[in-house]
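Good morning, and thank you for joining.

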Amino acid sequence: MEIKKLIGWSAILLISFTPAALWYFLGAGSNELHNYDEITHSIGEITGLVGMTMFALTFVLSTRIRFIEDIFGGLDKVYIAHGILGGTALIILLSHPIFLVLKFIPENVKQAAIYLLPSSYWSVNFGILALLGMIALVYLTLFTKIKYHKWKFTHEFLGLVFILALLHIFLVRGKVSGDDIFKGYYIYASAVGLIGLGSFSYSLFLKNRLFKAAKYRVASIRKLKDDVYEIKLAPEHKPISYKSGQFIFVRFYNERLPKESHPFTIASRSNHPIIKIIVKALGDFTSRLTELKVGDYVSVEGPYGRFSVKNSKKAADVWIAGGIGITPFISMAEELRFNPPKNDVYLFYTCRTSDEFVCVDELRKIEAEVPKFHLVLWESKKMGHLTLENIARIVGRVRDKEYYLCGPSAMKRSIIKSVLKNGVKKSLIHVEEFEFR
Amino acid sequence: MLKKLKFAVGIALIVFVLVVGNIIAFGMFVQEEHEKNDDAPAQSVTKPIQVPLEVVEPPQQSEKKTIEKRKPAQTSERKSKVTKDKKQNTSPPPTPPPRRRRRTRAS
């Protein structure tokens with residue numbers, strides 16, 4: 001793991017477990033761990049505190065703030081961290097009520113059941129509602145395939161769930177529990193509330209007001225294949241500056257399209273005023289992009305991502321693209337025209353059949369212009385899956401190369417596994433994540 | 001990573017549903033049983049137990065001892081309390097840690 005990323009995760013864990021340390025040193029602490037009742041009750045309290053802090057931090061990770069992106073090495077990685085943290089928070093919070101009622105079992109199961117059901121204690125009911133809401137929304141995210149805009153809409157309700165959870169942690173101590181959890185408990189609860197609600201409000205309301213998205217218009221739409229389109233966006237005013245391989249969030253203002261923003265990889269070279277994106281009709285939104293018209297107003301937020309050759313520690317060597325994962329490499333290859341590489345660059349572009357390749361003519365042109373750039377087209381139906389052995393046959397030694405991968409998860413996983421087995425350092429493998437959900 | 005996350009969350013949800021579901025189900029079952037038991041003496045009200053009024057002689061010393069010994073053994077709660085008291089009586093009591101909690105309700 002990169003040092004920066006390690007620092008990021010360490011900071012998250014440190015902040016998450018701070019209330020547990022406060023509980024131990026300023027609160028009940030070891031004095032309370034004498035018997036089964038006290039141990040289970042204490043674990044119940046700690047899981048509530050830690051889970052709630054993690055829940056608040058998930059909102060921080062979804063703010064798209066640049067320095068967080070720098071720490072995790074790209075927004076795609078930040079969203080992965082957001083998912084892992086959210087899932088972990090849910091797992092910990094699920095154990096919170098269970099540990100709290102364990103003290104009644106097996107002697108007084110009835111009492112345990114009463115604690116788990118809604119009652120006249122609203123401070124506890126808020127907690128029950130928050131947990132049920134969190135379960136429902138995380139379930140929708142992880143285990144269902146609802147349309148992106150519907151999922152995004154439902155996901156925003158996690159803010160409401162957080163408010164309910166905050167009401168629970170503020171009211172439960174005074175009204176119901178009366179536990180002396182630790183000195184300064186209300187300061188802690190306020191800090192958690194401020195972090196969570198502040199980040200949520202920033203993402204939902206403030207960000208768009210503070211940082212206006214750049215205005216663009218659809219300049220051209222070109223059909224590359226049956227289900228693949230190239231869309232060019234021209235700036236209305238000042239164009240955004242970006243690096244090849246980065247991505248943007250685009251909101252199309254067309255009456256037939258949903259208004260939420262979607263991430264698209266930039267396929268044009270660094271800082272080119274005309275932004276080119278290549279879209280494959282994979283999802284519900286992308287399949288409706290045929291409705292788009294030239295001149296439609298577009299807002300562009302970004303750029304994001306760190307999948308860029310300019311950030312490499314040494315000259316890039318092996319680029320591996322699967323399917324529509326070619327888009328960042330089109331941009332990076334374009335870049336080579338203006339910044340010729342010192343070492344050889346091999347682009348392995350794999351699709352199931354030859355019909356699925358896009359922008360091959362453009363890439364062949366670049367290959368002709370840049371002597372150190374080599375394009376290898378790989379039809380997996382005919383030639384079998386692209387493996388590291390196949391790659392080694394063309395590039396020679398695999399150990400001293402730097403790898404860039406973008407494409408289907410299964411392809412990335414199998415290649416990364418073999419590359420690591422061959423002794424390549426993890427820091428020399430760069431992966432662009434496709435799916436944000 | 002997403003697969004592992006899905007797996008972990010899935011398992012946690014199943015465990016949560018099973019544990020909470022069982023506690024609630026058993027809790028309700030116990031409540032029903034209690035209600036049944038509560039109803040039972042109400043029926044027997046129609047047939048009151050006749051307690052003969054007798055002058056009971058105070059028991060002799062040996063008898064008294066046995067009664068006193070038996071009484072605390074009626075409930076486990078009492079038993080533990082007696083043991084605790086006994087312990088406290090046999091050795092000088094250490095300063096007890098301040099009781100910080102009032103566990104009337106889960107937080």
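A residue is termed buried if 20 or more other C-beta atoms lie within 10 Å of its own, exposed if 12 or fewer, and partly exposed in between, with C-beta atoms placed from the backbone. By that criterion, 41% of the 437 residues of chain A count as buried. The model is predicted: local features need pLDDT of at least 70, side-chain atom pairs count only at pLDDT 80 or more, and totals for chains, interfaces and linings use all residues. Residues are numbered from 1 along each chain as its sequence is written, while chains are lettered from A and ligands numbered from 1 in the order in which they are written.

Chain A has 14 helices and 11 strands, taken as DSSP runs numbered from the N terminus (helices H or I, at least four residues; strands E, at least two). Along the principal axes, its C-alpha atoms fill a box of roughly 80 × 50 × 35 Å.

Consider helix α2 of chain A, residues 36–61. Of its 26 residues, 20 are buried, so α2(A) is largely enclosed by the rest of the structure.

Now the cores, each a set of buried Ala, Val, Leu, Ile, Met, Phe, Trp, Tyr and Cys residues joined through C-beta atoms within 7 Å. The largest has 102 residues, and those with the most contacts inside it include A:Trp319 and A:Phe348. Helix α4 of chain A (residues 75–101) supplies the largest share of this core, 12 residues. Apart from it lies another core, of 11 residues, including A:Ile98 and A:Tyr115.

Terms used: Expected span 1.5 Å × (residues − 1).
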